[in-house]
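Here are my notes on how one chain meets two of its partners. Have the model open while you read.

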Protein chains: 6
Amino acid sequence: MFFHIKELQYNAKPDKPDPVYAKKLQEILGGQFGEITVAMQYLFQGWNCRAEKKYRDMLLDIGTEELAHVEMLATMIAQLLDGAPVQHQEEAAQNPIIEAALGGINPQHVIVSGLGATPTDSAGYPWNSRYTIASGNLLADFRANLNAESQGRLQAVRLYESTTDHGVRDMLSFLIARDAMHQNQWMAAIEELEQTQNPVVPSTFPAEMQKQQVAYSFMNFSKGDESKQGRWAAGKSFDGESRFEYIENPEAMGQAPHLNPQPPYIHGTPTQH
Amino acid sequence: MFFHIKELQYNAKPDKPDPVYAKKLQEILGGQFGEITVAMQYLFQGWNCRAEKKYRDMLLDIGTEELAHVEMLATMIAQLLDGAPVQHQEEAAQNPIIEAALGGINPQHVIVSGLGATPTDSAGYPWNSRYTIASGNLLADFRANLNAESQGRLQAVRLYESTTDHGVRDMLSFLIARDAMHQNQWMAAIEELEQTQNPVVPSTFPAEMQKQQVAYSFMNFSKGDESKQGRWAAGKSFDGESRFEYIENPEAMGQAPHLNPQPPYIHGTPTQH
Amino acid sequence: MFFHIKELQYNAKPDKPDPVYAKKLQEILGGQFGEITVAMQYLFQGWNCRAEKKYRDMLLDIGTEELAHVEMLATMIAQLLDGAPVQHQEEAAQNPIIEAALGGINPQHVIVSGLGATPTDSAGYPWNSRYTIASGNLLADFRANLNAESQGRLQAVRLYESTTDHGVRDMLSFLIARDAMHQNQWMAAIEELEQTQNPVVPSTFPAEMQKQQVAYSFMNFSKGDESKQGRWAAGKSFDGESRFEYIENPEAMGQAPHLNPQPPYIHGTPTQH
Amino acid sequence: MFFHIKELQYNAKPDKPDPVYAKKLQEILGGQFGEITVAMQYLFQGWNCRAEKKYRDMLLDIGTEELAHVEMLATMIAQLLDGAPVQHQEEAAQNPIIEAALGGINPQHVIVSGLGATPTDSAGYPWNSRYTIASGNLLADFRANLNAESQGRLQAVRLYESTTDHGVRDMLSFLIARDAMHQNQWMAAIEELEQTQNPVVPSTFPAEMQKQQVAYSFMNFSKGDESKQGRWAAGKSFDGESRFEYIENPEAMGQAPHLNPQPPYIHGTPTQH
Amino acid sequence: MFFHIKELQYNAKPDKPDPVYAKKLQEILGGQFGEITVAMQYLFQGWNCRAEKKYRDMLLDIGTEELAHVEMLATMIAQLLDGAPVQHQEEAAQNPIIEAALGGINPQHVIVSGLGATPTDSAGYPWNSRYTIASGNLLADFRANLNAESQGRLQAVRLYESTTDHGVRDMLSFLIARDAMHQNQWMAAIEELEQTQNPVVPSTFPAEMQKQQVAYSFMNFSKGDESKQGRWAAGKSFDGESRFEYIENPEAMGQAPHLNPQPPYIHGTPTQH
Amino acid sequence: MFFHIKELQYNAKPDKPDPVYAKKLQEILGGQFGEITVAMQYLFQGWNCRAEKKYRDMLLDIGTEELAHVEMLATMIAQLLDGAPVQHQEEAAQNPIIEAALGGINPQHVIVSGLGATPTDSAGYPWNSRYTIASGNLLADFRANLNAESQGRLQAVRLYESTTDHGVRDMLSFLIARDAMHQNQWMAAIEELEQTQNPVVPSTFPAEMQKQQVAYSFMNFSKGDESKQGRWAAGKSFDGESRFEYIENPEAMGQAPHLNPQPPYIHGTPTQH
């Protein structure tokens, strides 16, 4: 169950409206790695959690925090949209260039939401739940989480670079710091899990049941071998079980496929003879 | 540019048709973390790569390999669908239960693709490119890749558990081994990058520009403190810059939001007085 | 079965081309509450109608009218796109600002549809049928319809405010009037149904089978009680069966969830001890 | 900002696992009118609210409650999935009919989420934010909300009819009661707003600016006139401004459309003469 | 403008309910190549048509007919769903296998649409407008139409093979005949256009502006040359302008790509030295 | 299995960056008829091919080539995005019009992909696999392919007209030539198949099982008969089996639908008497 507190987790007050920037800021609200994604991802991981209680609790704590970030961004976007188009509209009567320039606004911020934030990304694409994962295996999922926080902070930083509004930058500096904490947090949680299990997910699948002879080989599927220079091509493997090898000219190990003709009721291509 | 080799990378031959399993196997072909996802993700990361040549080469090598995995799965699925519905259909005339049971098949495998594999997942949902990311920051992206291979191997293992067909299991044991290698590979590549940059992505954003006072705090947004027991709540942070702290009762640091009324041309809620 | 009349239901002639406005106008053609939505929604409600004949007939009458509105908007948009980019293109050679400003156009209006209307919204997002509902319960569905006409007229009015083109405004004044009629119509149809059944949908579910003690309580899930001031917090309930009460501090009535560990074949998080 | 309470709002404990029913129950978790929809819809309406404080507060109260309903359903679904497939799998070795019957399960509940709930509907289709609306006009939006609660309660009742599990029915009887309250609540809120404004949304658009001659006419776009028998075809209109009239044979009032040829750079159909 | 006729274009009466088949039949109603697709595709091609009047008229005639096919299928599906689950439900109390077998039904046919047809395909995926094309070039679009009728008839034939219900087969034999006519029709329309223009679309782009040296070459991007045996590898080209040639070992003609590093404000991968 | 060659199939080097054009060029990379579509469509048709070997080989040859076109476009787009926004950003500080004009850029090219190409179209909409078809009937599918190449070349030509950059035009002239070849190729392959089967797909469904009396009739579903003037309304049909006839006033041949009331457990509209 949840309770709502009327104050925001941190200030969300722009210096002045900027509806073109409002469109961009939607990315970290309703985009692939926006705050709705991490909120939903952590909450579902927590609700479905069958492991130790501390993981469930931690996931729901951070998922609940992310809801507050959605709220901050929605509030900020509504203010960035605040009244702005009116003044453009008046000028636009005399100035066709300004009118055209307004193409930079997401028209749905006016027509559909009436100057409100929307659960969409910066291209106007709606948020959908295939952005999230809760697999029931926490090591896999914490890697998803570390990725989400990495992509999310990267996007927030790019948005920070794209504005000079002090109020917006102040809010972003808060979110960027939280994303840093959350990257640190998932690295900590991952290390904790990797100390008791093999880092290859899932660690519970017996090694002898996989095709071991290809389990440590980097295969070079191109002419040239620049890819040989990386750590992944030589040395001890990260699961500590073997050593990497570099296959310069990988060969096909499988059959040349041959499929049977379709039965007549499928009405495939008629045989030609 | 690409060339195609007629033989498969590894064998894809089921013992016998099983159209219900064919539907399930679609998950790792066209699902969120299926082979199309990793193929497209690695290829776009490679094509967009502006870093050292070895990364581009490595990404295109592995992306090219994933295309071969798509091919193996498509070939396997076509054979699992092979002719099977005919025999069911005949029996079904006498046996309504079998007819109903055929609901376990994806009807599009008959009606739309005529016993062919489709670029969709096990729920029949089409693959879409929002499953992928190529951000231009390789540390962020390698974390996405490590997650994708972790989720992908987990799903392949669950599919292995769901069949007793030796041919299918043989192919899966190959894919499971390659997913193990690819997890090892991304761990290696991540370590290599983390040795020259701070592990918090993006490492190039100056620490003093984020709100440092909240950059190392775990915030407990619930009653009870099981979440205090984790590595993320105490000790040195993973970027080596500070120490984690646990905030038992986080407080709101922001304003209670107040939005201005809409301008008249938006036709919002009329003011009531 | 349908017949087509070559004349439009009402005039759709702009004073002059305006491709930036064409993009915006797409919202009420192919958007969430655009004319395709109401056409499809009413037709499916009519085709699936198992109630009295007058409802089926009425639904198909209005669904058929909405097809005419789709046609008017498509015709208008094609004319707003008419030839316009050519002149911009010529100027653009000398004037980079104009070229950039053309970003306000949906590029697909040129590249994909060749100056034709598209079944998409003002963000270029394709129409999809999850915008519609036909539930088999007419009171529920007429509420969906009243909402669709309310949102649709609101959007049409905002688009009216966004142009000074007399031809466009003339067409919109027609559509706005029809949306007013259709709101009136659904209010009438809803009243008719509510006179013979309880207004709570579905009225056929026995009251004693729902948890009556929470069926009339407004629960205050936040600090502060501004929400107490509304009609929903006190007085007779709208189904006439009870009185609203305001729960200032709602308490959890359920268990603290505990899930069993996954069986081994799921390869969830390994237990750590 | 939000806080989480570890206990559920109401009990969510099934008598026994039932993975086929788990798939169905997803509809009111992640479907078009499921709990994610109303949670997100009310929260965004609240965050974007520019009207009196009591509306914002009320919207955030109920949006916060809906998050608790998402939590209850996720918890219930995880338990319905609990361990069940194991026993089927063992039997399935001997009994091909049972194996086929398992087609009734959503395969992603095993392969992707590892016996966890997913943010999808009963067809496995992911939730997306185009299910929601926050228009900035509360009368319009409260109608959307009344519809959502009507459809949602209807679906919950149908799910109640589809099971005999006492634990599931107990939880549903709670949700059904809350949906009844929420229908009552939105009816109350709608009445409150309609007392100070014309019920036709938006009430602020001057009547004389719409095409008045078609603003009260029901148009019969079919042969036969069963549609004449409804309240919508005669009597006072619901905005109190006029009377309904029934147009038996509506005529086209617009032009026969003629579009100009495309400019050459569009490469449309070449003119044929 | 449109008018509706209460009678169906052709009979749609099943012998008896069959809800599992109802799910399958949805494919040609709301699938990629279902009747909604062709209705919308032809109507938009007609409304956007800037060529001779006969094409616009023909497109709107056939688009209007396709609406009647949507209606027939919706009516059929509603009847196939008719009451059926009740009888299963009663049996299901005693027989868990039947209950499980009901997984073959689309659960949304009960929960969401209350035994009504839905605008979705046989996997429950909603129809969306990206299934359609109206490009403004009729030769291109008529090829899209010929394809749609070919895929559509193929699917209808497969559905015919999947049932023994005489009523369903009677309706399908009508739709299959109309799809045959429509294939004939588009072949006729294509021939007409190809008589006055080069068959390569768009015919208005000057041949000398394309890279002529690769405009007639089949390139063999694999080991082995079975692909050499086709008509496409030798002989006169179909535009009559040249002859096909077979390139056994195509070589790269382009650069090895090199991208510049990102500017600092993008925060790409830091350079490592 | 595939191999990658580091050089591009043809040069992809723009004269200078142009991020607004980069957004447009995405259409033929990740749009409905872009290179990802044809690559995936041909590869799946090839992998699922159950007909003669030469078709499989040919399909995989051309599918493999299309991967090289995806690569060329991705490389070109990355360079068009190259560094450009920096210079705008600096000017933008002084010039608000330029800042607004930047709305012409897809913001995700900066925020999400960091100046990289994305697998989306020119409206920012992600690629999805419902753009493709592999039906198991090659005549149907080759028509899909001919359409895809026709739409694709049309779009490439429109993009050619939209730029004056010599490098971009050079690359497009290559792609336009290949699209011309591929149209020629599919026309050749279609002719080859039509020589051994009836051109109406599927040719294997017995003519007497379709409703022959409507299999050659053009039905005029509108007032006026411009549609009578086409080749489709008179003369020999294209399958050579009959002659076209023109039905000036088509009549309904089916029932006026009547649906039974829903069973009580569906909770449809209560009967009103």
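**Chain B and its two partners**

1. First, the salt bridges: chain B and chain A have 4 between them, counting a side-chain nitrogen of Lys or Arg within 4 Å of a carboxyl oxygen of Asp or Glu. B:Asp170 makes a salt bridge with A:Lys211, with the closest N and O atoms 2.8 Å apart.

2. A word on ground rules. This is a predicted model, where local features need pLDDT of at least 70 and side-chain atom pairs count only at pLDDT 80 or more, while totals for chains, interfaces and linings use all residues. Residues are numbered from 1 along each chain as its sequence is written, chains are lettered from A and ligands numbered from 1 in the order in which they are written, and side-chain values use heavy atoms, with hydrogens and water left out.

3. Back to chain A. The contact (heavy atoms within 4.5 Å) involves 107 residues from chain B and 107 residues from chain A. Together they bury about 9,800 Å², with 60% of it on carbon and sulfur atoms; buried area here is the accessible area (1.4 Å probe) that two parts lose on being put together, summed over both. On the chain B side, B:Arg130, B:Trp232 and B:Gln255 lose the most area to chain A, together 8% of what that side buries.

4. There are also 70 residue pairs in polar contact across the interface of chain B and chain A, both residues at pLDDT 80 or more. That term means a pair of N or O atoms within 3.5 Å; within protein, one must be able to donate a hydrogen and the other to accept it, and residues adjacent in sequence count only if both atoms are side-chain atoms. Which element gives the largest share of the side of chain B that touches chain A? That is α9(B), with 16 residues; helices (H or I, at least four residues) are DSSP runs, numbered from the N terminus, as are strands (E, at least two).

5. Now chain E. Here 42 residues of chain B are in contact with 36 residues of chain E, and the buried area is about 3,200 Å², 56% of it from carbon and sulfur atoms. B:Lys6, B:Arg50 and B:Ile111 lose the most area on the chain B side, together 21% of what that side buries.

6. How many salt bridges link chain B and chain E? The count is 1: B:Lys6 pairs with E:Glu226 at 3.5 Å, N to O. The polar contacts across this interface come to 14 residue pairs, both at pLDDT 80 or more.
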